[in-house]
Amino acid sequence: MPVSNYETEFIAKLEQIIVSSGGSVPPMTGPTNFQLRSLELLDAINVAAGGSTNASSVAFTPAGNIAATNVQAAIAELDTEKTNAPVFSVYKNTAQSFSDVAFTLVTWDAEVRDTDNAFANNTFTVPANKGGLYYFQAKLTLGPNILRALIVLYKNGVEAVRLYDEYIDLDLLTAGGVGLLDLIPGDQITLYLLLDTANGGSASTMVSAPAQTFSQFSGFRLIA
């Protein structure tokens, strides 16, 4: 559910709490935003409850992707939902060899960022409560004698999105692309590479200083 729908549903729940407590929903006196309107409604809830209730003790019925059962926790959860986290970015510090015409898992040995500790063992795993539309980007520097390079995102061990697929004839190739995937908690994303070389032998990723600019993989959740 888009964040704008979360906000609309959350505001409606607060208004319902006010009415069910015998209070009146305050009018919007001017331009406002979600945070300010939430505070206005929380104040009204407090008044309706006789001035002795705080947000953490006001019950909230879970809705949408919000699992909290009190108003204070629901506000905190919604604020988390509005960020682009989780975010990860990794790269290669050492070269990796790839057999000819075989899909091979690309490995990563250096990390720039991993906000939710969701990237481990060359795999990104969608954390709990962090489902949604994700953006992924990868770039690999490869050589020598490359005839074809195919870079693929795998989802739960199955090919999901082809980021790059070209037939070429180069000693040195920088290949990459971007892809979008709609994911749920627990989904696992890995990057695979298939190479076809001119001599039927192996090829490898190239690494040089700064290593981060040669081969890297990153992703984050988009907010609709």
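Tutor: A residue is called buried under 20% relative accessible area, exposed over 50%, and partly exposed in between, with a 1.4 Å probe and protein chains only. The model is predicted, so local features need pLDDT of at least 70 and side-chain atom pairs count only at pLDDT 80 or more, while totals for chains, interfaces and linings use all residues. Residues are numbered from 1 along each chain as its sequence is written, and side-chain values use heavy atoms, with hydrogens and water left out.

Student: Is R162 buried, partly exposed or exposed?
Tutor: The relative accessible area of R162 is 45%. Because buried requires under 20% and exposed over 50%, R162 is partly exposed.

Student: Which residues are joined with R162 into one network of salt bridges?
Tutor: A salt bridge is a side-chain nitrogen of Lys or Arg within 4 Å of a carboxyl oxygen of Asp or Glu. R162 forms one with E159, the closest N and O atoms being 2.6 Å apart, and another with D165 at 3.2 Å, N to O. E159 is partly exposed at 35% relative accessibility, as is D165 at 31%. Salt bridges that share partners join R162 into one network with R148, E159 and D165.

Student: How many residues apart in sequence are the parts that D116 and K130 tie together?
Tutor: The side chains of D116 and K130 meet in a salt bridge of 2.7 Å, N to O. D116 is partly exposed at 26% relative accessibility, whereas K130 is buried at 10%. Helices (H or I, at least four residues) and strands (E, at least two) are DSSP runs, numbered from the N terminus. D116 lies in the loop between β4 (110-114) and β5 (119-120) and K130 in the loop between β6 (123-125) and β7, so the parts tied together are apart in sequence by 14 residues.

Student: How many helices and strands does the protein chain have?
Tutor: The count rests on the DSSP runs just defined. For the protein chain it gives three helices and 13 strands.

Student: Which backbone oxygens lie within reach of the side chain of R221?
Tutor: R221 is in strand β13 and is buried, with a relative accessible area of 2%. A polar contact is a pair of N or O atoms within 3.5 Å; within protein, one must be able to donate a hydrogen and the other to accept it, and residues adjacent in sequence count only if both atoms are side-chain atoms. A polar atom of the R221 side chain lies 3.4 Å from the backbone oxygen of A85. At 3.3 Å, the R221 side chain also reaches the backbone oxygen of G131.

Student: Which peptide bond is cis, and what is its omega?
Tutor: Most residues other than glycine have a negative phi, and most peptide bonds are trans. P144 is in the loop between β7 and β8. The cis bond runs from G143 to P144, with omega near -5°.

Student: What is the phi of N117, and where is N117 found?
Tutor: N117 is found in the loop between β4 and β5. N117 is exposed, with a relative accessible area of 69%. A positive value in a residue other than glycine, the phi of N117 is near 50°.
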